[in-house]
Amino acid sequence: MAGDHDERIQAITMPKWGLSMTTGKIVEIHVAEGDTLAKGDDVLDIDTDKIAGTLESSVAGPLRRLVASVGDELPIGAVLAVVAPEDVADSEIDAVVAEAKD
């Protein structure tokens with residue numbers, strides 16, 4: 001992530017599940033803002049032109065923002081959710097989300 005953000009902010013991003021995959025569509029979300037994630041927790045279901053699968057969390061901590069919504073078609077690397085400790089300011093989270101949407 002660019003910028004001078006708190007290094008404790010972690011992004012869950014659109015994975016690349018195949019050589020031809022360029023985007024994924026969010027079909028279901030299994031978590032809510034405020035949930036505490038553990039590594040391996042199901043975060044959301046993604047459908048691509050070749051495969052459908054469930055993205056598991058690669059990080060642990062409180063889910064501060066869900067950036068993606070059901071129906072969104074997003075490119076590989078797009079920020080889907082932001083995880084950070086409770087003491088990270090909302091303004092820091094908002095800045096990461098704003099950058100991600102650019």
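# Notebook: salt bridges, sheets and cores

**Entry 1, the charged network.** I began with Asp6, Arg8 and Asp87, which are linked in a network of salt bridges. I'm working from a predicted model here. Arg8 pairs with Asp6, and their closest N and O atoms are 2.8 Å apart. Arg8 also meets Asp87 through the side chains, at 2.9 Å from N to O. Where do Asp87 and Arg8 lie? Asp87 is in the loop between β8 and α1, while Arg8 is in the segment before β1, so this pair ties together parts that are 79 residues apart in sequence.

I then checked how open each member is. Asp6 is buried, with a relative accessible area of 19%, which counts because the cut-off for buried is under 20%. Arg8 is partly exposed at 34% relative accessibility. Asp87 is exposed, with 58%.

Asp90 sits in helix α1 and Arg64 in strand β6, distant parts of the chain that are 26 residues apart. Is Arg64 buried or exposed? Arg64 is buried, with a relative accessible area of 9%. Asp90 is partly exposed, with 44%.

Helix α1 covers residues 90-101 and lies across β6 and β8, running at about 55° to β6.

**Entry 4, the open sheet.** Which strands go with β6 and β8? I found 4 strands in an open sheet, in the order β1-β8-β6-β3, with antiparallel pairing. The edge strands are β1 (10-13) and β3 (36-37), and each pairs on one side only. I zoomed in on β3: 2 bridges join β3 to β6 (residues 61-66), in the antiparallel sense. At that pairing, Leu37 stands opposite Gly61 in β6.

Next I traced strand β2, residues 23-29. Its pairing with β7 (residues 73-75) is antiparallel and has 3 bridges. Lys25 stands opposite Glu73 there. β2 also runs antiparallel to β4, joined by 4 bridges. What is the bridge partner of Glu28 in β4? It is Asp45.

I turned to the nonpolar residues. The largest nonpolar core has 18 residues, and Ile12, Met14, Ile26 and Leu80 touch the most other members. Two elements give two or more residues to this core: β4 (42-47) and β8 (79-83). I listed what Met14 contacts, leaving aside neighbours within four places in sequence; among them are Met21, Ile26, Ile46, Leu74, Ile76 and Leu80. Gly24, Pro75, Gly77 and Ala78 are also in contact with Met14. There is a second, separate core of 9 residues, including Ile9, Val79, Ile93 and Val97. As background, nonpolar side chains tend to be buried together in soluble globular proteins.

Last stop was Thr48, in the loop between β4 and β5 (52-56). Is Thr48 buried or exposed? Thr48 counts as buried because its relative accessibility is 11%, and buried means under 20%. Not counting residues up to four places away in sequence, Thr48 touches Trp17, Met21, Thr23 and Gly24. Met21 and Gly24 were also on my list for Met14.

Definitions and conventions: Residues numbered from 1 in each chain as written. Predicted model: local features only at pLDDT ≥ 70, side-chain atom pairs only at ≥ 80, totals over all residues. Heavy atoms only, no water. Core = buried A, V, L, I, M, F, W, Y, C linked by side-chain atoms within 4.5 Å. Buried < 20%, exposed > 50% of the residue type's maximum accessible area, 1.4 Å probe, protein only. Contact = heavy atoms within 4.5 Å. Pairing = 2+ DSSP bridges. Axes fitted to C-alpha atoms, helices over the stretch in contact; angles between N-to-C directions. Salt bridge = Lys/Arg side-chain N within 4 Å of Asp/Glu carboxyl O.
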